[in-house]
Amino acid sequence: MKKSVSVFVALLLLVCLCAAGVSAADEVSIVGITFASEGGVCEEAYKGGSDVKCLYDGETLPDTTNFDTAGVLLVKNTQATADDAVVATCTFTLELSEKASVSAVDISILHQVQAMVGVPESVKVEYSEDDETYYDAGTFPIDTTADVDGGNFEGAKVEDVRIDVSDYKISAKYIMLTFTYGDIPAYNGNADYWTSTAYKYTSLEWIGFTEFGVETAAAVEESSAAPVESSAAPVESSTAGGSSSTPATGDTGLAAVAVIALAALCGAAVVLKKRS
């Protein structure tokens, strides 16, 4: 009877340890996002009184039908009507709650082409453990169903874009995303509508977002990629009162459970030896 109890307790503790480990992995989240634009070309415009926290509150706003909706961030290219076309870029740096192995980045993009809210052409992904030295994970095209060529009236639409970076063995606490603006959309079938003398646009004015997220994977070895200096200077996190540190009690608790489980297994082995 004692042998059975010892084995049962050991197994139970091991199950708890595994569950705690899975739970700890699931707790990795975004705790802050900073915005930057080289030369100040791009500016943020949060809708409905929202702020940066709307970009990591878990709400992608899939049913949004208008760009002017609370929880939407529009990013304006202030040089959209400059004499010469400007290829605008803007950068978001995501701070994670702890260093993690990131397998994918999730981006919820809002577009409404007939209102000059287009889509980014691509996103460059970089990552860092200290927000100083960044490593390049590649530049990825962004594909959506936005009717850029036709500019037909569809209303606003939010689309989830998943950027798979699992091949790069990313281990990071900071993820930097640099978006390059796409093309000027047509308007109700007229490709020259926004570039005509009435409006004189030379580049896309707006892109929109509703949410950012990351997917984590099992721990991986450090990447062998060469460091890449970030083109945007580090900016203080815009999350007030946020903390990126992981409570010490988490790791301590797991260690304690592991020790107890090991002790229980040793006890069970001793009982088995005495019985034999």
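**Close-up views of loops, strands and a contact**

**View 1. Met116 sits in the loop that links β4 to β5 (117–118).** Strands here are DSSP runs of E, at least two residues long and numbered from the N terminus. This is a predicted model, with residues numbered from 1 along each chain as its sequence is written, and local features need pLDDT of at least 70. Side-chain values use heavy atoms, with hydrogens and water left out, side-chain atom pairs count only at pLDDT 80 or more, and totals for chains, interfaces and linings use all residues. The phi of Met116 is near 70 degrees, a positive value in a residue other than glycine. With a relative accessible area of 1%, Met116 is also buried (buried is under 20% relative accessible area, exposed over 50% and partly exposed in between, with a 1.4 Å probe and protein chains only).

**View 2. Asp131 is in the loop between β6 (120–128) and β7 (134–141).** Here's another non-glycine residue with a positive phi: for Asp131 the value is near 65 degrees. Asp131 counts as buried because its relative accessible area is 17%.

**View 3. Lys173 and Glu95 meet through their side chains.** Lys173 belongs to strand β9 (residues 170–181), while Glu95 is part of strand β4 (residues 89–111). Their side chains make a polar contact at 3.2 Å (a pair of N or O atoms within 3.5 Å; within protein, one must be able to donate a hydrogen and the other to accept it, and residues adjacent in sequence count only if both atoms are side-chain atoms). Lys173 is buried, at 12% relative accessible area, and Glu95 is buried too, at 13%. Have a look at Leu96 as well: its C-alpha is 5.2 Å from that of Lys173, though 77 residues separate the two in sequence.

**View 4. Strand β3 (residues 73–77) is largely enclosed by the rest of the structure, since four of its five residues are buried.** Strand β2 (residues 42–46) pairs with β3 in the antiparallel sense, over five bridges (two strands pair if DSSP finds at least two bridges between them). Within this pairing, Glu44 stands opposite Val75 of β3.

**View 5. Strand β3 is also joined to strand β10 (residues 206–216).** The two run antiparallel, with four bridges between them.
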